[in-house]
Amino acid sequence: GNIITKTASALAKIPDVEIDADGTFKYILVRVKVKDGSLGKDIVRGTKSAQYHNHIFDKISPEMEALGLECECLGGGKIEHNSQDKKMRVFGESTAFGKADHSVSAEKLKPVFSGYEITWADDKK
């Protein structure tokens with residue numbers, strides 16, 4: 001029906017990546033999906049303004065619900081974004097959500113930050 005199509009297009013409009021332009025900050029990997037559907041995608045969200053990983057999730061969740069989507073946090077970590085040298089490192093973990101699959105997050109970052117050297121590691125620091 002119509003509702004599915006509307007939700008699917010809402011899903012398609014959601015940016016895969018929204019992170020700070022520079023610095024080291026917490027990030028989470030979130031699975032966003034159509035309610036009662038199998039259609040979904042993983043998105044990366046990170047910001048310095050978040051003191052804790054759940055602050056990021058608590059901001060996204062209602063936004064997604066308003067679009068008829070549901071989200072689940074797959075884990076978190078940190079992103080070190082050096083815009084001057086065009087380098088990015090994905091590492092660390094979230095106390096609340098556990099460690100995200102940083103390799104998945106790195107693959108999400110690559111097309112958005114083309115020309116960047118993007119690495120990931122399962123290190124805490």
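Trainee: What covers the buried residues of H2?

Mentor: Bear in mind that this is a predicted model. The cover over the buried residues of H2 includes E2, E3 and E4.

Trainee: And which residues of H2 are buried?

Mentor: His 53, Ile 56, Phe 57, Ile 60, Ser 61 and Met 64. Seen down the helix axis, they fall within an arc of 130°, so they line one face of H2. As a rule, an α-helix has 3.6 residues a turn, so residues three or four places apart point the same way.

Trainee: What does the face of H2 turned away from its buried side carry?

Mentor: The exposed residues Lys 59 and Ala 66. After H2 comes Gly 68, with a positive phi near 80°.

Trainee: Why does His 53 count as buried?

Mentor: Buried means under 20% relative accessible area. His 53 is at 7%, so it counts as buried.

Trainee: Which residues does His 53 touch, not counting those up to four places away in sequence?

Mentor: Lys 26, Tyr 27, Ile 28, Gly 76, Gly 77, Glu 93, Ser 94 and Phe 97.

Trainee: Why does His 81 count as buried?

Mentor: The cut-off is under 20%, and His 81 is at 4% relative accessibility, so it counts as buried. His 81 sits in strand E4, residues 69-82.

Trainee: What makes the link between the side chains of His 81 and Tyr 116 a polar contact?

Mentor: A polar contact needs a pair of N or O atoms within 3.5 Å, one able to donate a hydrogen and the other to accept it. The contact joining those two side chains is 2.8 Å. A polar atom of the His 81 side chain also lies 3.3 Å from the backbone oxygen of Ala 21.

Trainee: Why is strand E3 said to be largely enclosed by the rest of the structure?

Mentor: Count the buried residues: 7 of the 8 in E3 (residues 40-47) are buried, so the rest of the structure largely encloses this strand.

Trainee: How do you know that E3 pairs with E1 and E2?

Mentor: Two strands pair if there are at least two bridges between them. E1 and E3 are joined by 3 bridges and run parallel, while E2 and E3 are joined by 8 and run antiparallel. Within these pairings, Ile 19 has Gly 46 in E3 as its bridge partner, Val 32 has Lys 41, and Arg 31 stands opposite Asp 42. In the hairpin of E2 and E3, Asp 36 takes a positive phi near 60°.

Trainee: What is the order of the strands in the open sheet?

Mentor: The 6 strands go E1-E3-E2-E4-E5-E6, with mixed pairing. E1 and E6 stand at the edges with a single partner strand each, so one side of each is left without a neighbour in the sheet.

Trainee: Where does H3 lie?

Mentor: H3 lies across E1, E2, E3, E4, E5 and E6, running at about 170° to E6. The buried residues of H3 are His 102, Ser 105, Ala 106 and Leu 109. They cover an arc of only 100° around the axis, which puts them on the same side of H3.

Technical notes: Residues numbered from 1 in each chain as written. Predicted model: local features only at pLDDT ≥ 70, side-chain atom pairs only at ≥ 80, totals over all residues. Heavy atoms only, no water. Buried < 20%, exposed > 50% of the residue type's maximum accessible area, 1.4 Å probe, protein only. Contact = heavy atoms within 4.5 Å. Helix = DSSP H or I, 4+ residues; strand = E, 2+ residues; numbered from the N terminus. Arc of directions from axis to C-beta. Axes fitted to C-alpha atoms, helices over the stretch in contact; angles between N-to-C directions.
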